[in-house]
Amino acid sequence: NKKGFIFDLDGVIVDTAKYHFLAWKRLAKSLDIHFTEEENEQLKGVSRVRSLEKILAWGNKTISKDQFTELMSKKNEEYLSYIAEMDSSEILSDVPRVLQYLIEKQQPISLGSASKNARVILDRVDLRKHFDAIVDGNDVSKAKPDPEVFLIAAKLLNIDPKDCIVFEDSVAGVTAANTANMVSIGIGSKDVLGHADYVFNDFTEISDDFLNELINN
Ligand code: G6P
Ligand code: MG
């Protein structure tokens, strides 16, 4: 029995939200916008362009197209400087166990991320070798909640979408998985991810038995 296991990256495999926060906060400050952690929460799973649009809207600012482009690249430069310091100690708890179990059971594994930095991050934490396919922000034209990213992953794995299982921490990502007709597993709080088929606080709550059931159902 083969299922396609698709992992979001940010907030599922590694906690990069703190680095996005630092970089967005400095950018907001340079525009005299006060940017809070609660607002940063709302940027989870949201593309880079859309994130900046939202920050500008919250701050009631309009800027030129050129300035927009410049701010985007500055933000990413700073973000990448944090990423450059990452190592495998930043992999979230029990992610390696779950990957290992799925590999032992010969299950196809893909990444399904909105980030254009996904490959760099996977290399930093030395997990890239475990993925049979990688689909990230460079490969899609429509951002989550559009299911495109996960449908491309299913195609690359050569698995029917209905036989795919998606691990996601964002509201938009769970919606994307549901729309793709995949099994959605929310990683985070039930209050936020109630629309997922299953919700766990983190991977330590996901047992090998549960994974085995997913494989055999
Ligand atoms: C993930 C994160 C978002 C981020 C997006 C784009 O979905 O949760 O916070 O904005 O990726 O990331 P990037 O690395 O391309 O700026
Ligand atoms: Mg995420």
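**Exercise 1. Find out whether Gly-45 is buried or exposed, and which residues it touches.**

Solution. Start with the count: Gly-45 has 25 other C-beta atoms within 10 Å, so it is buried. The cut-offs are these: a residue is buried if 20 or more other C-beta atoms lie within 10 Å of its own, exposed if 12 or fewer, and partly exposed in between, with C-beta atoms placed from the backbone. Before going on, please note that this is a predicted model, in which local features need pLDDT of at least 70, side-chain atom pairs count only at pLDDT 80 or more, and totals for chains, interfaces and linings use all residues. Residues are numbered from 1 along each chain as its sequence is written, while chains are lettered from A and ligands numbered from 1 in the order in which they are written.

Next, locate the residue: Gly-45 belongs to the loop between H2 and helix H3 (48–58). Helices (H or I, at least four residues) and strands (E, at least two) are DSSP runs, numbered from the N terminus.

Finally, list the contacts (C-beta atoms, placed from the backbone, within 7 Å). Leaving out residues up to four places away in sequence, Gly-45 touches Ala-114, Lys-144, Ser-170, Ala-172 and Gly-173.

**Exercise 2. Work out the strand order of the open sheet and say which strands stand at the edges.**

Solution. Walk across the six strands and you read E3-E2-E1-E4-E5-E6, with parallel pairing. Strand E3 (133–135) and strand E6 (198–200) are the edges: each has a single partner strand, so one side of each is left without a neighbour in the sheet. Two strands pair here if DSSP finds at least two bridges between them. From one strand to the next, the twist averages 20°.

Now look at strand E2 (residues 109–112). Three parallel bridges link E2 with E3, and three bridges also join E1 to E2, again parallel. Leu-111 has Ile-134 in E3 as its bridge partner, and Phe-7 stands opposite Leu-111. Gly-112, in turn, is opposite Val-135 in E3.

Last, check the directions. In a regular strand the side chains alternate between the two faces of the sheet. In E2, Ile-109 and Leu-111 point one way, Ser-110 and Gly-112 point the other way, and all are buried.

**Exercise 3. Identify which residues touch the most other members of the largest nonpolar core.**

Solution. A nonpolar core is a set of buried Ala, Val, Leu, Ile, Met, Phe, Trp, Tyr and Cys residues joined through C-beta atoms within 7 Å. The largest one has 46 residues, and Phe-150 and Val-166 touch the most other members. Helix H7 (residues 148–157) gives the largest share of this core, six residues.

Beyond four places in sequence, its contacts are Ile-6, Gly-112, Cys-164, Val-166, Ala-176, Ala-177, Ala-180 and Met-182. H7 itself lies across strand E1 (4–7), E2, E3 and strand E4 (164–168), and runs at about 160° to E3. For that angle, axes are lines fitted to C-alpha atoms, for helices over the stretch in contact, and angles run from 0 to 180 degrees between N-to-C directions.

**Exercise 4. Name the buried residues of helix H8 and describe what covers them.**

Solution. In H8 (residues 171–179), the buried residues are Val-171, Gly-173, Val-174, Ala-176 and Ala-177. Their cover includes H7, E4, strand E5 (183–187) and helix H9 (190–193).

Continue past the helix end. Ala-180 lies in the loop between H8 and E5, and it is buried because 22 other C-beta atoms lie within 10 Å. Apart from neighbours within four places in sequence, Ala-180 is in contact with Pro-147, Phe-150, Leu-151 and Pro-161. Just after H8, Asn-181 takes a positive phi of about 70°.

**Exercise 5. Say which residues come nearest to ligand 1 and how the shell divides.**

Solution. Count a residue as near if its C-beta atom, placed from the backbone, lies within 6 Å of the molecule or strand in question. Of the 16 residues around ligand 1, those that come nearest are Asp-10, Ala-114, Ser-115, Lys-116 and Asn-117. Sorted by type, the shell has three nonpolar, nine polar and four charged residues. Here Ala, Val, Leu, Ile, Met, Phe, Trp, Tyr, Cys and Pro count as nonpolar, Asp, Glu, Lys and Arg as charged, and the others, Gly among them, as polar.

Definitions and conventions:
Two residues are in contact if their C-beta atoms, placed from the backbone, lie within 7 Å.
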